[in-house]
Amino acid sequence: MGQNTEPAVSPLAPETRPQIAPVAGVTLAAGAAGVRYEGRTDVMLARVAPGSAMAGVFTRSSTRSAPVLWCQDALAKTGGAAPGGKPFGIVVNSGNSNAFTGRAGEESVRALATGVARALGTDESAVYQASTGVIGERLPHAKIEAVLDDLAAALSPDAWHEAAAAIMTTDTFPKLASATAEIGGKTVTISGFAKGSGMIAPDMATMLGFVFTDAAIAPAALQAMLKASTDGSFNAITVDSDTSTSDTVLLAATGQAGNDPVTDADDPAADGFREALGTVMQDLAHQIVRDGEGATKFIRIDVTGAETDAAARVVALAIANSPLVKTAFAGEDPNWGRIVMAVGKSGEAADRDRLSIRFGDIVVAEQGWVSPNYREEDGAAYMKGAELSVTVDVGVGQGRSTVWTCDLTHGYIRINADYRS
């Protein structure tokens with residue numbers, strides 16, 4: 001199953017197409033530039049109205065891509081504020097990640113910044129970019145430049161599904177989410193989309209995500225809110241423990257809802273907004289796990305009783321990233337000994353003689369040994385479900401954390417063995 005085929009939709013995909021509310025001040029368009037495959041929609045352009053604020057979180061990979069470096073520099077230069085009277089632009093392509101491309105990669109992002117700025121009538125510093133796909137191949141940016149005018153002419157407040165589809169690589173379905181909240185009596189909308197299926201592991205942000213709101217929020221407050229929401233969403237998922245060179249999540253606020261501007265991320269007036277933002281971002285993150293390459297199981301892992309919340313996160317990720325644990329789930333084998341192994345290898349404190357494990361409501365192990373009431377056939381029956389939960393208490397403190405992952409199947413190997421074919 002190469003990237004140029006139409007893969008079967010993940011069995012864990014949402015059953016219905018999500019309804020996405022337009023965001024005042026945001027228009028989008030998608031088109032086919034032939035970046036890697038002819039006739040495939042592979043470029044997305046967004047225009048965010050003048051007066052907006054921008055925030056972003058990015059991979060900490062030491063081999064991060066040219067678009068990531070461009071975005072980080074743009075945020076540093078502008079502080080997330082749009083140039084006076086001018087809009088933001090976001091351009092995203094699939095098929096080529098423009099990563100590990102040296103000076104050629106830098107030339108590509110500069111060329112695209114110039115092209116988008118011209119097409120949207122803005123400054124280059126207001127242009128944000130992301131690329132996803134094969135690493136180490138020069139981006140044919142001229143192909144993208146050639147469609148920018150058409151994209152700008154086609155911008156629409158309703159092209160959310162088209163934009164989400166344009167940024168997919170091995171994804172089997174577009175990932176979108178939407179919610180509303182109130183700030184000071186004004187209804188605000190949050191809508192976004194993301195992509196990701198493989199090379200998914202948390203490290204500041206995971207894969208690509210673009211979220212928009214019509215709330216009026218100052219750039220510094222928006223940045224703080226994004227970071228907080230990322231920690232409980234994109235940074236709490238893993239498919240295969242591999243961190244992309246291109247991980248980017250952008251959050252834009254147009255201010256057109258008419259609320260009094262939020263200048264403090266902890267402002268009580270924005271409590272509902274923060275909750276709704278977290279809901280949208282967690283929904284998108286969960287959809288990425290549900291579309292994990294070859295996945296057949298969506299798995300929640302809760303770790304409690306750790307020394308700190310940070311320690312609990314390390315233990316949870318050790319379980320979630322273990323190939324032995326993930327293949328056991330794929331085979332519907334309730335091999336809880338592999339979970340014990342993963343806890344032990346995490347490097348965090350655990351009391352062997354107080355350790356407990358649950359599969360859903362089934363007590364598998366307690367007080368450091370298999371529960372006297374546990375029956376293997378109960379565990380095996382539970383493993384046949386498509387959505388599973390594992391709870392582990394390590395018995396040393398009050399720290400807790402939750403992460404989400406999927407199983408590891410033959411499909412993952414097939415997809416990645418054929419990825420560049």
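Helix α1 (residues 66-78) holds both K77 and D73, which sit four residues apart, about one turn of the helix. In this predicted model, the side chains of K77 and D73 form a salt bridge with an N to O distance of 3.1 Å. K77 is exposed at a relative accessible area of 61%, whereas D73 is partly exposed at 36%.

Another pair occurs in helix α6 (residues 219-231), where K227 and D231 are four residues apart and therefore separated by about one helical turn. K227 has a relative accessible area of 29% and is partly exposed; D231, at 31%, is partly exposed as well.

The structure holds 16 salt bridges, including the following.

| Salt bridge | N to O distance |
|---|---|
| K77 and D73 | 3.1 Å |
| K175 and D171 | 2.8 Å |
| K227 and D231 | 3.0 Å |

A separate site is I339, located in helix α10 (residues 337-345). I339 is buried, with 2% relative accessibility. Leaving out residues up to four places away in sequence, I339 touches I319, V325, I357, F359, V390 and V392. Between I339 and Q367 the C-alpha to C-alpha distance is 15 Å, with 28 residues separating them in sequence.

Methods:
Residues numbered from 1 in each chain as written. Predicted model: local features only at pLDDT ≥ 70, side-chain atom pairs only at ≥ 80, totals over all residues. Heavy atoms only, no water. Helix = DSSP H or I, 4+ residues; strand = E, 2+ residues; numbered from the N terminus. Buried < 20%, exposed > 50% of the residue type's maximum accessible area, 1.4 Å probe, protein only. Contact = heavy atoms within 4.5 Å. Salt bridge = Lys/Arg side-chain N within 4 Å of Asp/Glu carboxyl O.
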